[in-house]
Structure formats: C-alpha cells, structure tokens
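This report is for a reader new to the structure. It goes through some strands, helices and single residues in turn.

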Amino acid sequence: MILVENLSKSFADRILFSDVNFRINDGEKVGIVGKNGTGKSTLIKIMIGAEEFDSGTISGFHAEDLGYAEQIPVFNEKKLLDELLAVGEIREFEAKKILFGLGFNENELLKNPNEFSGGETAKIALAKALIAEPRILLLDEPTNHLDIYAIDFLENFVKTYKGTVLAVTHDRHFLQNCVDKIIDIENLHATLYVGNYEKFVSLKTERRQSELKAYEKQQEEIAKIEEYIRRNKAGIKAKQARGRQTILDRMERLEKPPSNDSFKINLSDSTETADRVLTVENLNFKNIIKNFNLEIRKTERVGLIGRNGVGKSTFLKLLVGDLKADSGEIKIGNRVKIGYLSQGHEELNNDLTPIDELINEFGITIEKARSELARLEIYSEVAEKKISSMSGGEKTRVALAKLILTGANFLLLDEPTNHLDLSAREAIETALENFEGTVLIVTHDRYLLDKVTNRVVEFNHVEPIIEKNKSKSIEESQNKSTNKKISKSNNQNIEKLEVQIKMAELELKMIEHEINNEIDGDKLKKLAEDHENKINEIDELYQRWEELA
C-alpha cells in the first residue's frame with residue numbers, strides 16, 4: 001500500500017503542489033499525469049527519499065520495497081549482462097529476456113554498460129529496475145528512449161506484474177492499456193480517477209463541467225447577496241444587510257475550475273499538389289539503408305516505424321537534403337512544399353531566442369513573432385531566452401511555430417510528441433487530423449499513430465522493427481429591537497425558522513465538501529442539482545424569516 005496524506009512541496013516562492021492525498025492498494029497499476037512542471041517526477045523523488053517535502057506524510061512501505069530506474073545510474077560491472085545478474089539472485093535466462101525485450105542484442109550483452117549512449121543507459125537502468133521485481137515499481141517516463149517494440153514488451157511486463165506499479169508518463173497508449181487508476185496533478189492538487197486513459201478523459205470532463213456549473217451558481221448567489229447588501233446597508237433592513245455580509249464573509253468559496261482549453265495548432269490550408277507527393281526508388285545510404293522503396297500519394301498520412309537505429313531519422317534527412325544518398329532516386333512531386341520537424345531540433349539556432357529565430361527565418365515583426373509563439377504557450381520570459389537553454393518540450397513548441405509559418409503541404413515529422421505533455425500531444429493530434437495535406441511521421445507514439453495515420457510502413461535495414469455558505473450563527477438576527485413587540489407565536493415561528501436555516505446551511509456545507517472531493521461524473525451532476533435545490537431552500541427560509549423579523 002502507498003498512503004499519501006496532505007503532502008505539500010514548494011521550491012523557493014513557488015508552490016509545486018499542496019495537500020495531495022491518495023491511496024494505492026497492493027497490486028494496482030497507477031499512472032501519474034499532469035502538465036510539465038506540475039511536480040510529477042518530484043513526487044516520485046520524494047517517495048524514494050531523494051527529495052525533501054514541506055509537510056504531510058507518506059506511509060505504507062519501506063525503502064527496500066521500492067524499485068526505481070535511476071536518472072543517472074552507476075554501473076559497476078564490465079559487461080551489460082553481468083550488470084543485471086548482479087542485481088540479485090537472477091537467472092541468466094531472465095536477464096536476457098528483459099534485455100532482449102528492451103531492444104539489446106546478443107553482442108551488446110558483452111559490452112561495458114558505461115560505454116552506451118544516454119538513451120541506452122536509461123534503458124539499462126530500466127532493465128535493472130524491472131528485473132529486481134520490487135513490491136512497488138516506480139517508473140518515470142518509462143517509454144522514453146524505447147522503440148515501439150520495446151514499449152510493447154514493457155506494456156506486457158507491467159500488465160502481468162504481480163506488484164504495484166506507479167508510472168509518471170505522457171504515453172497515452174500505455175495509460176490506456178496498463179493502468180487501472182490515474183492521478184492527475186493540476187492546479188496544485190491531485191485527483192485520483194478510476195479507469196484507464198479514455199475513462200480518465202471522460203470523468204475529468206464531466207467533473208470539470210459539474211464543478212464549473214457549481215462555481216457559476218455560487219458566483220450568481222454571491223452577486224445576489226452583494227446587491228442585497230448594497231441596496232439595504234442603510235435603512236430599515238440594515239440589520240439584515242449586516243447579517244448577509246457576515247454570511248458572505250464566512251462563505252467557503254469554491255475554486256474556479258481550470259480552463260479546459262489547451263493551445264491550438266492551426267496548420268495552413270494545403271495547396272494543390274501532384275497526386276504522387278513522394279517516390280523513393282532503390283535508395284541506399286552507407287550500411288544503414290539498402291534498396292528502400294516508398295510511394296506516398298496526396299493527402300496520405302503515413303506512419304514510419306522501426307527499431308531504434310534502423311535509419312528512420314536518417315531517411316527523413318535524406319528527403320530534405322541534409323544528407324546525400326549513395327544511390328537510388330528521391331522524387332518530390334510538383335507543387336509540393338516540405339515542412340520538416342526534426343527529432344533533435346537541428347532546424348533551430350541554439351544561439352538565438354525563439355523571437356529572433358522566427359524573425360530571421362520569416363521576416364515577420366516582433367509582435368507577430370510573439371503572437372505565434374504565444375499560440376503554442378511560449379510566453380515572454382521563455383521567448384526571450386536562448387534556445388540552447390530551453391527544455392526539450394519548449395524547443396519542440398518553437399519548432400512547431402516555425403512549421404506552422406512555412407505553409408507546407410507535405411509534413412515530415414520526426415517524433416513530434418517527444419517531451420510534450422498530454423494536452424500538447426492532443427493538440428498535435430487534432431491539428432494533423434484536420435490537416436488537408438500529406439504527412440509522413442516517424443513516431444513511437446502508438447496513440448498518435450492509431451488516431452492520425454491511415455497507413456503504417458515498417459522500416460527495415462540490412463536484414464535485421466458550487467456554493468453559497470451561510471454557515472453562520474444568526475445571533476445578530478436574534479437581537480430583536482426592545483421597542484418592537486412580537487407575539488409569542490411569532491417568536492416561536494422565528495426560532496423555528498432559525499433552526500431550519502442552521503440545518504439547511506449545515507447540509508449545504510456537507511454538499512459543498514462532497515463536491516470538492518468527488519470525481520465521479522454522475523455523482524457530481526447529482527450533487528450540483530442538490531446544491532442548487534438547497535440554495536433555493538435557504539433563500540425561501542430567509543425570505544420567510546425577514547417577513548417575520
């Protein structure tokens with residue numbers, strides 16, 4: 001079990017998250033999602049003891065129960081296979097199964113683990129975490145650096161894993177197929193949803209609609225009370241106005257739900273092109289690409305998949321002329337204008353700011369450049385720093401801004417969703433679905449492939465792929481004027497109404513508490529209706545009280 005209660009974390013003057021609460025039972029598979037910078041990875045680091053937290057508690061496990069793929073791993077053995085065998089009492093067969101599943105080959109098993117590239121090193125750290133089979137497996141962006149086949153292996157491993165899995169990921173296919181709960185970190189808080197990715201999207205939409213309805217209803221009620229106070233703060237109803245002000249002061253205000261809108265990518269309307277947009281015949285490049293053939297026709301959306309290292313990115317560079325083929329032919333159709341988004345962002349000048357990059361490339365004004373960048377949520381502070389100091393996700397957004405401005409009708413996209421959060425991935429997906437031109441996309445994002453492409457090519461080389469809180473004591477209303485004679489019966493009626501008002505306000509507070517903690521869409525709809533009915537009931541009780549008072 002993992003029990004997190006009232007957990008808060010801040011850096012300097014910035015609150016990362018506050019009062020985070022959730023419980024994960026043994027054996028559950030849970031995804032953690034949220035925009036970049038909301039504290040997902042920090043939460044994992046807190047759990048493993050690598051990061052301090054400000055307040056709250058984490059319980060239910062010991063340090064030895066955890067398995068985690070280190071960000072900067074240390075390898076002690078001279079051979080990759082031995083590095084895994086040193087994890088514990090592991091059979092060679094089990095170690096090889098995981099290494100092969102993650103894409104390593106027989107020769108690489110004998111290679112020094114410290115001699116691999118950064119991406120391969122991350123895979124080794126993941127392999128060590130998987131083979132240890134801890135009671136609780138913590139994964140931070142586990143599908144990064146994996147090709148589509150290794151991701152498939154990882155999914156099958158997680159689905160059949162007997163222990164608990166907690167994974168920070170933006171991989172929607174992984175979230176759809178491998179988890180039964182999702183923790184969404186947003187607006188400083190965490191909400192737990194039961195279900196996979198598509199269920200999460202549905203429940204979150206319903207929750208946000210219900211919360212917005214409740215919030216708007218409370219705002220209407222606040223406005224009504226403020227208007228009553230304004231009209232009656234002087235005069236015969238001044239006492240009632242003061243009472244309403246006390247109600248207002250003690251009201252538990254509902255938070256306005258965060259906006260549902262993410263940034264939108266609007267690709268240009270494509271110009272008419274020849275029917276054959278791309279023809280590749282017998283293409284050869286060093287020992288990477290051999291006798292490759294491909295034809296892409298107008299408006300096709302083609303996905304290009306294959307194992308890491310088979311030359312997919314190299315192929316795109318050949319198409320745009322960054323590399324020259326040894327032999328073969330590449331034919332680009334008439335009136336075809338290519339727009340290229342590289343995986344390594346080579347099309348960006350690291351010495352420039354995003355603003356200068358757009359101005360230099362397209363000759364636009366600084367105001368236009370700022371506007372184009374803001375559309376992709378690159379605002380003033382980020383837009384004015386050098387591209388070299390930007391995160392991977394920020395660089396991708398700048399590259400997308402350039403792609404949009406090209407007006408291209410044939411898009412070559414190399415891992416366009418890398419480093420992007422869920423909302424950004426969805427924006428790219430929507431833009432490509434609405435694009436009338438032609439697309440060739442290299443990606444391991446299987447959710448994107450399923451949604452966008454109408455043809456997938458496997459690339460091989462050589463042989464070896466709501467609220468009105470009136471919870472106040474109404475003592476002020478009980479201080480009757482001594483100059484006013486009230487019958488005993490009237491007094492009794494007033495006292496009865498006051499009790500009813502107190503009870504109704506208590507019930508309203510309970511409903512509001514439930515609204516702030518409920519995630520089920522149907523229950524939220526019912527609670528919003530109950531909240532509105534209770535507000536109307538309290539209004540009627542106060543009107544009757546004012547008539548008698």
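A residue counts as buried when its relative accessible area is under 20%. Thr279 has 12% relative accessibility, so it is classed as buried. The model is predicted, and the values below are computed from it.

**The sheet around Thr279**

Thr279 lies in strand 10. Leaving aside residues up to four places away in sequence, Thr279 touches Leu294, Glu295, Glu329, Ile330 and Lys331.

Strand 10 (residues 276-285) runs antiparallel to strand 13, and five bridges join the two. Within this pairing, Val280 stands opposite Ile330 of strand 13.

Another open sheet has three strands in the order 2-1-4, and its pairing is antiparallel. Its edge strands, each pairing on one side only, are strand 2 (14-24) and strand 4 (55-59). From one strand to the next, the twist averages 20°. Helix 1 (residues 40-47) packs on this sheet, where it touches strand 1, strand 2 and strand 4. The direction of helix 1 is at about 120° to that of strand 1.

Strand 1 (residues 2-11) pairs with strand 2 through seven bridges, in the antiparallel sense. Ile2 is placed opposite Ile24 of strand 2.

Apart from residues up to four places away in sequence, Thr42 touches Lys9, Phe11, Leu16 and Glu51. Thr42 and Leu16 are 26 residues apart along the chain, and their C-alpha atoms are separated by 8.9 Å.

Five of the five residues of strand 15 (residues 410-414) are buried, so the strand is largely enclosed by the rest of the structure. In a regular strand, side chains alternate between the two faces of the sheet. In strand 15, Phe410, Leu412 and Asp414 point one way, while Leu411 and Leu413 point the other way.

Strand 14 (residues 338-341) pairs with strand 15 in the parallel sense over four bridges. The bridge partner of Ile338 in strand 15 is Phe410. Strand 15 also runs parallel to strand 16 (residues 438-442), to which five bridges join it. Leu411 stands opposite Val439 in strand 16. Between strand 15 and strand 16 the chain passes through helix 14 (residues 422-434), and this β-α-β crossover is right-handed.

| Strands | Bridges | Sense |
|---|---|---|
| Strand 1 and strand 2 | seven bridges | antiparallel |
| Strand 10 and strand 13 | five bridges | antiparallel |
| Strand 14 and strand 15 | four bridges | parallel |
| Strand 15 and strand 16 | five bridges | parallel |

Note on methods: Residues numbered from 1 in each chain as written. Predicted model: local features only at pLDDT ≥ 70, side-chain atom pairs only at ≥ 80, totals over all residues. Heavy atoms only, no water. Pairing = 2+ DSSP bridges. Axes fitted to C-alpha atoms, helices over the stretch in contact; angles between N-to-C directions. Contact = heavy atoms within 4.5 Å. Buried < 20%, exposed > 50% of the residue type's maximum accessible area, 1.4 Å probe, protein only. Right-handed = clockwise from strand over helix to strand, strands pointing away.
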